[in-house]
Amino acid sequence: MRIHRLEIEAFGPFAQPQHIDFDQLGAQGLFLLNGATGAGKTSVLDAICFALYGSVPGARQDGKRLRSDHAAPTAEPRVVCEFSARGRRFEVTRSPAWDRPSARGRKGFTTQQAKTLLRERVAGEWVEKSSRNDEAGAELSEVLGMDREQFTRVVMLPQGDFAAFLRSKASDRLDLLQKLFGTHRFESVERQIQLQAAEAARAVEDNAAELKMLLDRVSAEAAHLGLESTGPAATGSTGTPGSSVAVPSEETGLAPEDWLEAIGDAIATECRRRREQADAAEARSARLAAALQEDQDKAQRHARLAAATQRRVLLELAAPRALEDRDRLSRHRRASVLGGHLDAVENTARKHRAAVAAMESLREKLASAGFSEATLAEDLEKVKKNVAVLEARLPDERRLEDLGVRIQEKLREQAAAGLAVDSLARSLETLRAEDAALLADMEPLEPLAGRREVAEREAAAAAEVVDLVARYQAAARDQDGLEALHADARTKTQDLRQAWLDLREERLANAAGELAAALADGDPCPVCGSQDHPHPAEAARSALSLAQDEETAALHFETSEKELTGIAAKLTSAGQLLAGLAAQGGAVDPALAEEAAANAAMELAKARDAAARLDSLRSRHAGLTARMEKLQEEHSAAVATAGEAATLSGVLGEQHAELEADLSGLRAGFTSLKARLEELTGQHGLLQTAAAAAREVDGTERAAKEAVAALERALPEAGFSTADEARRDVLSASDVVGLEKSLSDYDTEAARLDELFAAEDLVLAAKEATIGELPKDQDQLKDSTTEALAAAKSAKDLALAVGLADKAAQTVTSLRGRYLNLAADGREPRERARLLSGLADTLRGAGDNTYRMSLNSYVLAARLEQVAAAASERLVAMSDGRYTLRHTDAKAARGAKSGLGLEVVDQWTGQRRDTSTLSGGESFMASLSLALGLADVVQHEAGGVDIETLFVDEGFGSLDEQALEQVMDALEGLRDGGRVVGLVSHVAEMKQRISSQLQVVKGRSGSTVRVVEAMPV
């Protein structure tokens, strides 16, 4: 990377455009950058860094202060750097953000954003690559292969920083080396390993928690069975409740697997013990249950025998009544054969009497209605025909009624429409008169309302002029104050300058006295060379006091001059602001401006009032227009409705008259066809009922005669002589059912008793009663039952205990298998966690890492070792073969982290010592060698970027003549391969040794640069 050209304007101390041709300046490979303190030597390097990276190194990075205070207010700060890298040639132009005076605007300044332009020379032409800050920065970083931190350490070697680096602690060296070599990725590796170790540790903790949970569950199962797991291990246990098994712990030395096996054995023993107890209890319960069942069966047999005997006695007592019931039921069955004939005689006689009574009642009704029993058929046929005719004409009567209703509706509709027509006509006349009055009011307001926008613009312009006038007046007062301050400061500065010049003149005049004070007899005069000194001059004051006074006066003058410069800058800004406000119209008379603003505001108020009134009247006019249109539509609709109703009512009246004439004859004096139809329907029903009643009288009379004849024929066959005798033997249905049920129950009971006395248990009970083997009484049975139930409950409880023990044994076996599998699965995670934990501790400098060196420090230690080796090559030449630098990883004191130590090897004595023991000149040579070595290593790490332009800043004043000679020889060796080296120094001998020089000259209006070709001494 070689820098060819640099242009600076309004940047740092450089107010005017400055052009630096580095190709010309570095033609000999070595040039000197010098100038007075504060002239701007470092600003030249800042300009290069700003052009390439958009920022300057360190604390000087403040974008708002990059612009020169000496530059004209409208001058744009700008840096142009032309350079070549990787076989390509580029030109980058950058401008920082700055405030440009504005001809318009209330603040007087407009912020200009930072700008970048990157161009590349292709085939002899400049081709634009990018004009965006971020794109250009990314392109430059890729071409240069270094970030800003690396560039300022590799291309611009700051000796002060590397002297501090040489003597600093390991932690301070780590920060700089990490920035230069970008080893943050190794810290990421450390963090990743630590995260993996923590994750593995959590997995082991989870596994241990699951194992403990399984052991706790096994202990709980043992506790449920009454087995203790807190005492010492039981040996020779008999399996009794409360036996104990030792728990796994450090005190007992028992492994969890052995403890699980012991618990399993103890539970198995307990299961066998409980099973034996349960079997014995079950046998006793079965024996007692069998004896109880036998006693209960015997008692039940004898109870059934006694009950059967009692039932037989009752059956023998009921035998006579059963025989009598059988006889009554036999006579009833013979009489029931004649039941149908008897019922028929009674029913037919009853029906005949009812029919005769009904016919007598109807004869009276027929006579009152004008009908005769002899002509029933003819009268019924005539009434049917009249009913059919009236039913056919009923729809016409309903249609007649509908016509009357519709006629009345149309008449009412016609009257209402007429009233609406009159009302709407009156409303329309009223609205037309009101609308005409509104139009008359609107006409004079329209010209005034039309000027509202013009009045608003005029009022705004007048208010802006008033504001500009106020700001102009304030700015004028500020400028007057600054002019007074500037005059006072200028007078003060001139007085202080004169005082300083007077003291300087006095010191020069006193120089003869100082020389005379140093003369001795016999020694030549340094001025004239004479050994005789007849009239030596006398010094008015001591040289020391005059020099101190002169220095103090100069300091006061410089301070006052800086204050004067600041006031002048403020005065210039105030003048620019005042000129800008005057250009915008701020110099107008305030009274005139206020009057114009008031008039404009008054006109605006009138226009706005007229516009508001006009808008209100227009809104009312629109509303009236809409209402008139609506009323007109309603008036036309009402007229049409009235005409239509009148026409339709006339047509309906004609239809109603024709239909009324047609139906009036059918009514036959009734009010309506419906009323006459109801009368005929009643007559038709009466005639039909009378005809049916006459037929019923004849029919019932024939049926009664036939029933009597049939009964007389059936009586002899059933064994009865008269009908009354047969009726007496006929029983009711409920009596028949009662007799049949009683006889059935008697027969069933007799059969059951025969079957019961033939059963084996009653036969056995009768035999036992005969021989005297009677059953136990109730108290004895109760005692046997209680004993059997107690034995059964005990057997059930013991069986449940056996089930619980078996289930506990199965659970413990399952938990033991799960524990063994889980423990086996956890071996690999535990080993991985152990390895990762050790690796994480080692990588972060803990654990077995006795050097307390992290991975990041280890990598940087390797880079520092390379830097020390590269630096030693130059330090050997500069120190005449005496010193070399060596990296050391010796342990630091009090457990501090190690790995980034540096020491100096003295080849003359063979001893190693700390870098802080070097003298000032030796420290400079070691720092310069370290900076050059670091630049070589970083250059190699950055992808082999060839650094063809190099700057070395300050520090040469601490060298003696021989050391300076050796350092210069080493620096001249840097020119090999066409490299250009720029030295920044105040040392006078450097100005004599280096012919190509870039001088920075400071002045009141800013600094300037010039290239000087001096003759080397």
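Residues are numbered from 1 along each chain as its sequence is written, and side-chain values use heavy atoms, leaving out hydrogens and water.

**Exercise 1. Find where confidence is lowest and where it is highest in the protein chain.**

Step 1: Recall that pLDDT is the predictor's confidence in each residue, from 0 to 100. The protein chain averages 78, and 86% of the residues score at least 70.

Step 2: Compare the elements, which are DSSP runs numbered from the N terminus (helices: H or I, at least four residues; strands: E, at least two). The lowest mean, 64, belongs to helix H5 (residues 159-167), and the highest, 94, to S5.

Step 3: Look at residues 230-242, where the pLDDT is below 50. Where pLDDT is low, the predicted coordinates should not be read in detail.

**Exercise 2. Work out the strand order of the open sheet with 6 strands, and find its edges.**

Step 1: The order is S2-S1-S4-S5-S8-S9, with antiparallel pairing.

Step 2: Look for strands with a single partner. These are S2 (18-21) and S9 (125-130), so one side of each is left without a neighbour in the sheet. From one strand to the next, the twist averages 20 degrees.

Step 3: Check one pairing. Strand S8 (residues 115-122) is joined to S9 by 5 bridges, and Arg119 has Glu128 in S9 as its bridge partner.

**Exercise 3. Classify two aromatic pairs: Phe11 with Phe50, and Trp500 with Phe557.**

Step 1: Rings of Phe, Tyr and Trp (its six-membered ring) pair if their centres lie within 6.5 Å; planes under 30 degrees apart count as stacked, over 60 as edge-to-face and the rest as tilted. The whole structure holds 6 such pairs.

Step 2: For Phe11 and Phe50, the centres are 5.5 Å apart and the planes stand at 35 degrees, so this pair is tilted. Phe11 sits in the loop between S1 and S2 and Phe50 in helix H2, 39 residues apart.

Step 3: Ask about burial, where buried means under 20% relative accessible area, exposed over 50% and partly exposed in between (1.4 Å probe, protein chains only). Phe11, at 2%, is buried, and Phe50, at 4%, is buried too.

Step 4: Trp500 and Phe557 are stacked, with 5.8 Å from centre to centre and 10 degrees between the planes. This pair links helix H13 (residues 452-509), which holds Trp500, to helix H15 (residues 543-583), which holds Phe557. Trp500 is buried at 19%, and Phe557 is buried at 8%.

**Exercise 4. Which residues of S12 point one way, and which the other way?**

Step 1: In a regular strand the side chains alternate between the two faces of the sheet.

Step 2: Gly901, Glu903 and Val905 point one way from S12, while Leu902, Val904 and Asp906 point the other way. In strand S12 (residues 901-906), 6 of the 6 residues are buried.

Step 3: Strand S11 (residues 883-888) is joined to S12 by 6 bridges, and S12 to strand S13 (residues 911-914) by 4. Among the partners are His887 with Leu902 and Glu903 with Asp914.

Definitions and conventions:
This is a predicted model: local features need pLDDT of at least 70, side-chain atom pairs count only at pLDDT 80 or more; totals for chains, interfaces and linings use all residues. Two strands pair if DSSP finds at least two bridges between them. Axes are lines fitted to C-alpha atoms, for helices over the stretch in contact, and angles run from 0 to 180 degrees between N-to-C directions. Contact means heavy atoms within 4.5 Å.
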